[in-house]
Amino acid sequence: MNASMIKKTLCLVVFVAMVLMSVLPGLQPHAANSYQGKVTADILNVRAKPGTSYAIVGKLRNGQVVNVTSQQNGWLKVSVGRVNGWVSAKYISAVSWTGYVNATSLNLRSTPSMKGRVIASLPNGTSLTVRGSQSSWLKVYVPSKKMTGWVSQSYVSKSKQSKASAPPSSTKTYYVTASSLNVRSKPSTSGSVLGSVKKNTAVQVYAKSGSWSQIKSSNGLKGWSSSNYLSVKKPSGTNPAPTPAPSSPQPSIGGGISGKTIVIDAGHGGMDPGALGRSYQEKALALTSANQLASLLRNSGARVIMTRASDVYLSLSKRVGISHAYNADAFVSLHYNSFASTSSGVMTFYYGYSKEGILASSIQRGLVSETGMRNMGAKFGNYHVLRENRRPAVLVELGFLSNPVEERYIATPNYQAKATRGIFNGILSYFATR
Ligand SMILES: [Zn+2]
């Protein structure tokens, strides 16, 4: 081997290593470790690719908060609104947030791994300052113990556990005292009005937030109302008899999908096309799948709400808001993937295993058995529509548009029918026992 050959071999080894480095972390293309960052420069250029020689695709102002989804050689991939691209990591500082332990007790470890030494045990409700993340672990500061360490992301929630998810037995019957009481999407007068209930109507109260109560009326209307117009006292005398409250808010004791509220979220839309294949756009395929899934579910008696039913843009927080407003029994977000031209397969993401892990694996199982697609598993994913969702929520990736062969197949009516049937079967079997 002469010097030039050694040099060539070395170059090849370095090249292969670089390709591997760029490919391996990308198997979860929407990035497993997203976090929020704040712009520290006066004006920060957003570039098409990680390097100062690439085109400027946008500019960010000092103090702007962005979503950081991946990093590469001192560059961060960020997105905010319709701006999407790469910025120098020097001008972004991580934003910390407050989380709460939602397990009975949670181990604080020295490193982000089950092998990390346990340095403290944190009781339920302990407040944590989250400063970063690595795979499914959060780097936290515990103010009450003045300690820093790592905890499993699955047991940290953004709000102190409310009683909203408590079993129906903990609900209480109240009666409406106003002539007509608005039911809103959130505990504030800024919440949209979902409907109203008449005087003396009996409602079930699930949770309270400030002077607001989360209610469900006997006709199934769910939302938030002012507690000022709710009384535990049964109306009497000349008033008409109250509508009897259902003995249990959940229909059918043996479980099943009938009467369950399922929010279907077709990913992207409008100005956000999502992944682009050679002929197909993610937003259009996602909507087709969503429509098919919706009709399967409706035909089996589920109450289906679609976050979007046409090609419109919808923010991620609006999508989550819909899940909360309808108190979804399941929120299913549909996506098509993009990475390498050889990537292939389907996967289903969950954020909290205890909240939605079973739903995710059930859907993944149905999807794979119906389509025969490569099984990339049910796994943890740090996505806004899952992380911020108080209801059981999953995100399904239905195949790779970046792979021209797979693109052609997944766009066929045959695949669409099989895939939605598979997801439907997964949802059915999930609800069979609850
Ligand atoms: Zn997507």
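Student: Why is Asp-311 called partly exposed?

Tutor: Buried means under 20% relative accessible area, exposed over 50%, and partly exposed in between, with a 1.4 Å probe and protein chains only. Asp-311 has a relative accessible area of 44%, so it is partly exposed. Please note that this is a predicted model, in which local features need pLDDT of at least 70 and side-chain atom pairs count only at pLDDT 80 or more, while totals for chains, interfaces and linings use all residues. Residues are numbered from 1 along each chain as its sequence is written, and side-chain values use heavy atoms, with hydrogens and water left out.

Student: What makes Lys-283 and Asp-311 a salt bridge?

Tutor: A salt bridge requires a side-chain nitrogen of Lys or Arg within 4 Å of a carboxyl oxygen of Asp or Glu. Here the N to O distance is 3.1 Å, so the pair qualifies. Lys-283 belongs to helix H2 (residues 282–299), whereas Asp-311 is in the loop between strand E23 (303–306) and H3, so the bridge ties together parts 28 residues apart in sequence. Helices (H or I, at least four residues) and strands (E, at least two) are DSSP runs numbered from the N terminus. Lys-283, with a relative accessible area of 12%, is buried.

Student: How many salt bridges does this rule give?

Tutor: The count comes to four. Among them is the bridge between Arg-319 and Asp-265, at 2.8 Å from N to O. That pair links distant parts of the chain, with Arg-319 in helix H3 (residues 316–325) and Asp-265 in strand E22 (residues 261–266), 54 residues apart. Another is formed by Glu-388 and Arg-387, whose closest N and O atoms are 2.9 Å apart.

Student: How do you know whether Arg-319 is buried or exposed?

Tutor: Its relative accessibility is 2%, so Arg-319 counts as buried. Asp-265, at 1%, counts as buried as well.

Student: Which residues coordinate the zinc ion?

Tutor: They are His-268 (NE2), Glu-282 (OE) and His-335 (ND1), at 2.1 to 2.2 Å. Water is not among the atoms, so sites may look incomplete. Along the chain the donors follow the spacing H-x13-E-x52-H. His-268 lies in the loop between E22 and H2, and Glu-282 in helix H2, so this pair ties together parts 14 residues apart in sequence. Both His-268 and Glu-282 are buried.

Student: What makes E23 and E26 the edge strands?

Tutor: They belong to an open sheet of six strands, ordered E23-E22-E24-E27-E25-E26 with mixed pairing. E23 and strand E26 (375–380) each pair on one side only. Neighbouring strands of this sheet are turned by 20° against each other on average, direction ignored.

Student: How many bridges join E22 to E23?

Tutor: Four bridges join these parallel strands. Two strands pair if DSSP finds at least two bridges between them, so E22 and E23 meet the condition. Ile-262 stands opposite Val-304 in E23.

Student: Which strands does H2 lie across?

Tutor: H2 lies across E22, E23, strand E24 (330–337) and strand E27 (393–400), running at about 145° to E24. Helix H7 (residues 413–431) also packs on the sheet, touching E22, E24, strand E25 (346–350) and E27, and makes about 150° with the direction of E24. Such angles run from 0 to 180 degrees between N-to-C directions, the axes being lines fitted to C-alpha atoms, for helices over the stretch in contact. Contact means heavy atoms within 4.5 Å.

Student: Why is Leu-138 called buried?

Tutor: Its relative accessible area is 1%, so Leu-138 is buried. Leu-138 has its place in strand E12 and is the bridge partner of Ser-133. Leaving aside neighbours within four places in sequence, its contacts include Trp-97, Val-130 and Trp-150.

Technical notes: Donors = N, O, S within 2.8 Å, 3.2 Å for Na, K, Ca; no water.
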